[in-house]
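This report is meant for someone meeting the structure for the first time. Please look over the sequence and the model before reading on.

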Amino acid sequence: MFRKTFAILITLAFSLGFAVPAASDSTEWTAYQKTLATYSGSQTALSSFQKSQIRATLEKTPDSEKFICTGIRYYDQPMSVNIMVRKRAKEACAYAKQLKPELSTWFQNKPTKARSYAGKVLLTVKSPKGPMDIQDYRSWDQVESPSSVDECKIEDGLDPQLLRQGRGSWYNGQKARGPVGFPFVSSTFFPNEGELKFLMMLVSFEDTKKFVDRPKDYWNPQNEKLADWFDYWSRGKMSLDINTVEPWIDLPYASSKAPIRDEQLAKDVIERLPSTIDVSDYDGLFIQWAPGIKVGTRSKFKLSLNSIDSSVGGRIAPQFDYSQLVWSTSLDFHNNEYQVRRDHLWGSLVHELLHEMNMNLHGPGNGWGTGVGQSYRANQMAGVSYAITAWEQFLLEWMPDSQVHCVTPQDLVEAQSVILTPLEISGGDRKALVIPISNSDVLVIESRRPVGYSESWSDKNKGLLAYTVNPQEAAQMDHIDQDCGNDPTYTKWAYYLFPDQEMQEASGWCGAMGGVFTPAIFNEGETLTHNGVHVELVKSAGNKDYVKITKAEESFTPPAIYLGPKASNGGWWNRCDGGECPLELPNPAENFGWIQDTADRAIPKLNSCDGLYNRGFRNGVAASRAFRDDAGAAVASLVSTQWYAKNRHLDTNLDGVICSCQAPEEPDPSTAGNDSMSKCMTLQADQSFDPPASVSSASDIGRGSSDYPFSHMLSRSSDEIIVTRYPRWGPSCSCCG
Ligand SMILES: [Zn+2]
């Protein structure tokens with residue numbers, strides 16, 4: 001009996017690290033432990049050194065309430081040693097009590113198998129765990145969401161009937177964007193959970209070249225990435241079952257002689273599927289054409305046929321009896337980027353599939369390399385991401401409520417904190433900080449890292465991204481060429497907000513169209529002050545971001561932007577041939593919107609605005625932000641004092657802005673020259689969400705449009721409904737999805 005008890009004691013002593021009596025109340029404690037110096041011989045009184053150790057221990061633990069002294073005996077020493085070590089423990093506690101009478105003390109003795117502890121006294125000092133110190137992130141715990149997550153499920157301002165039609169559809173005179181607020185409204189195209197079955201195939205014509213022997217060698221890696229993507233981001237709620245047709249499907253005619261009707265071309269492919277395949281088993285068919293397609297009877301080879309478009313008010317193509325989705329690529333096989341694009345096709349397929357589930361995707365940062373499929377060329381400078389925003393994950397109900405930290409402005413009577421796990425890293429307690437400032441200004445903060453689904457990002461892109469979501473806004477405008485992605489001139493469901501410390505303006509940043517979105521990233525120590533809320537990235541650790549949220553101070557003004565020293569003699573940009581310049585330009589010079597070489601010799605003198613356009617300037621150049629604003633030019637016009645100065649001969653109305661469609665040189669824009677940049681390609685922006693009158697036959701839209709991988713263009717008209725999907729008018733796509 002005795003031996004058994006003894007054995008249990010040893011086990012306890014080691015497994016609990018000298019367990020101390022359990023606190024009977026529910027207070028949480030922090031413990032501090034210290035072993036006193038070795039006693040000499042059988043001495044039990046404290047030496048002056050041991051006393052100083054006890055004093056130091058109490059100084060280290062000013063909030064201590066419990067003081068436990070454990071005398072330690074080596075396990076095979078005689079029991080008489082118990083008496084000695086117990087006495088030592090008693091003395092130590094008595095001295096502590098003498099120093100701090102309010103302490104609750106307790107002494108005991110325990111056996112050990114660790115020789116180095118034999119004969120010593122271990123002090124265990126317990127202090128009630130104080131409130132988390134908001135000033136010290138090291139003391140932070142992941143606290144409960146201060147408000148119920150339901151408070152952050154801001155309702156969508158649009159009629160669910162309209163949203164159900166699917167993004168891009170017209171319904172009774174209104175255009176549907178995808179849902180932005182709650183509850184999520186699935187389109188009738190694809191659900192947002194469950195299983196989808198797809199069939200992938202490669203199709204050749206008599207005049208095309210097969211780029212791979214076995215279609216599986218091409219499709220299987222893509223299929224795997226597609227299925228993995230949905231598994232990761234939906235947390236297993238959505239699964240794809242994808243099969244590939246074993247042989248190539250050979251059409252018995254040249255691509256230049258392909259049937260002109262989409263339905264006939266699709267039918268020709270489906271009829272040649274192996275007899276073991278039953279197409280009715282699948283939700284969608286994906287066709288990729290062999291390289292070498294030639295223009296002839298058809299100028300486009302993209303197909304986009306599906307049951308929904310054909311079922312609204314009657315079938316589009318009654319002769320086409322296949323009602324599932326049929327898609328084909330439209331990539332130009334002669335395009336240099338084709339090979340790169342082809343290997344990353346899965347990314348743009350994810351994007352298109354999400355649209356079919358009714359997601360907007362094109363925001364925040366329309367066309368930026370921050371979200372899936374918006375800019376999917378893997379060779380793009382600064383990389384791309386296949387992530388879907390935290391807000392859209394939340395909306396789709398893919399992100400569990402438990403991963404959303406919901407902070408209302410009322411919660412900011414005291415400072416709040418959250419520890420966010422980056423979207424690219426699986427798991428984590430919190431993935432999104434949501435602050436519903438109003439029902440049209442929902443601030444969302446997510447943590448991001450250049451790993452996993454964003455692994456091609458530059459290493460600089462780690463920290464937070466912040467954006468404001470507006471579920472009340474009816475418009476969603478994307479695929480507009482002048483749009484730099486975050487420009488409020490082109491209404492979108494969400495916009496990025498930049499750190500207070502960032503020189504570039506969030507609304508005017510165009511550099512992301514060239515792949516540079518680093519100004520949007522919050523680094524450690526940076527803050528965001530937005531409509532009464534102040535957010536700080538206190539600490540950015542390897543796989544966690546520590547974020548503090550407080551009420552913004554009323555007197556807050558963003559840090560002044562330093563534009564550098566003044567140039568001597570007013571700067572070269574203020575010198576003109578033949579004397580005085582017509583406009584005095586700022587010194588120091590202003591450069592906003594895009595990083596450009598601003599050296600005198602580096603800037604070309606251009607004959608027309610097309611020269612700028614061909615260099616990637618999207619909507620003109622202003623000499624300063626003040627000139628830009630006074631002239632009413634788009635926020636996203638480039639501001640460059642030097643580029644303006646070199647080309648000031650194009651500014652015939654002397655408003656300090658050149659080549660902007662919003663601030664044309666002549667008052668009547670219809671007479672403003674023939675170059676591309678004087679014309680605003682903002683038909684979507686101008687139509688105020690009335691169906692354009694010219695679209696009586698909706699199938700006219702989309703003719704001649706576009707180089708993006710899958711056409712969404714499918715349309716029909718009837719008396720009460722016009723359905724069009726993603727018509728585009730611009731000369732090229734502002735982004736790639
Ligand atoms: Zn898209």
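Is Asn358 buried or exposed, and how many other C-beta atoms lie within 10 Å? Asn358 is buried, with 27 other C-beta atoms within 10 Å; a residue counts as buried if 20 or more other C-beta atoms lie within 10 Å of its own, as exposed if 12 or fewer, and as partly exposed in between, with C-beta atoms placed from the backbone.

## Basis of the model

This is a predicted model, in which local features need pLDDT of at least 70 and side-chain atom pairs count only at pLDDT 80 or more, while totals for chains, interfaces and linings use all residues. Residues are numbered from 1 along each chain as its sequence is written.

## Overall make-up

The protein has 14 helices and 27 strands, where helices (H or I, at least four residues) and strands (E, at least two) are DSSP runs numbered from the N terminus. Of its 737 residues, 45% are buried. Two residues are in contact if their C-beta atoms, placed from the backbone, lie within 7 Å, and among contacts between residues at least 6 apart in sequence, 69% join residues at least 24 apart.

## Nonpolar cores

A nonpolar core is a set of buried Ala, Val, Leu, Ile, Met, Phe, Trp, Tyr and Cys residues joined through C-beta atoms within 7 Å. The largest one has 141 residues, and Val444 and Ala466 have the most contacts inside it; strand S7 (residues 194–204) gives the most to this core, with 7 residues. A second, separate core of 17 residues includes Ala89, Ala92, Phe107 and Val121.

Leaving aside neighbours within four places in sequence, Val444 is in contact with Ala390, Trp391, Ala432, Val434, Tyr467 and Val469.

An open sheet with mixed pairing is formed by 4 strands in the order S1-S4-S2-S3, where two strands pair if DSSP finds at least two bridges between them. Its edge strands are S1 and S3 (104–112), each of which pairs on one side only. Strand S2 (residues 66–74) and S3 pair in the parallel sense over 9 bridges, and Cys69 stands opposite Phe107 in S3.

Helix H2 (residues 48–60) has 13 residues and reaches 18 Å from its first C-alpha to its last, close to the 18 Å expected at 1.5 Å a residue, the expected span being 1.5 Å times one less than the number of residues. Its buried residues are Gln50, Ile54 and Thr57. Seen down the axis of H2, these residues fall within an arc of 60°, so they line one face of the helix; the arc is that of the directions from the helix axis to the C-beta atoms. They pack against strand S1 (29–35), helix H3 (80–99) and strand S4 (121–128), whereas the face turned away from the buried side carries the exposed residues Ser48, Phe49, Ser52, Ala56 and Glu59.

Most residues other than glycine have a negative phi, and most peptide bonds are trans. Asn358, although not a glycine, has a positive phi of about 95°, and this residue lies in the loop between H9 and H10. Asn569 likewise has a positive phi, near 55°, but Asn569 is exposed, with 9 other C-beta atoms within 10 Å.

Cis peptide bonds join Phe182 to Pro183, with omega about -10°, and Gly363 to Pro364, with omega about -15°. Pro183 is found in the loop between strand S6 (174–175) and S7, while Pro364 lies in the loop between helix H9 (345–356) and helix H10 (390–395).
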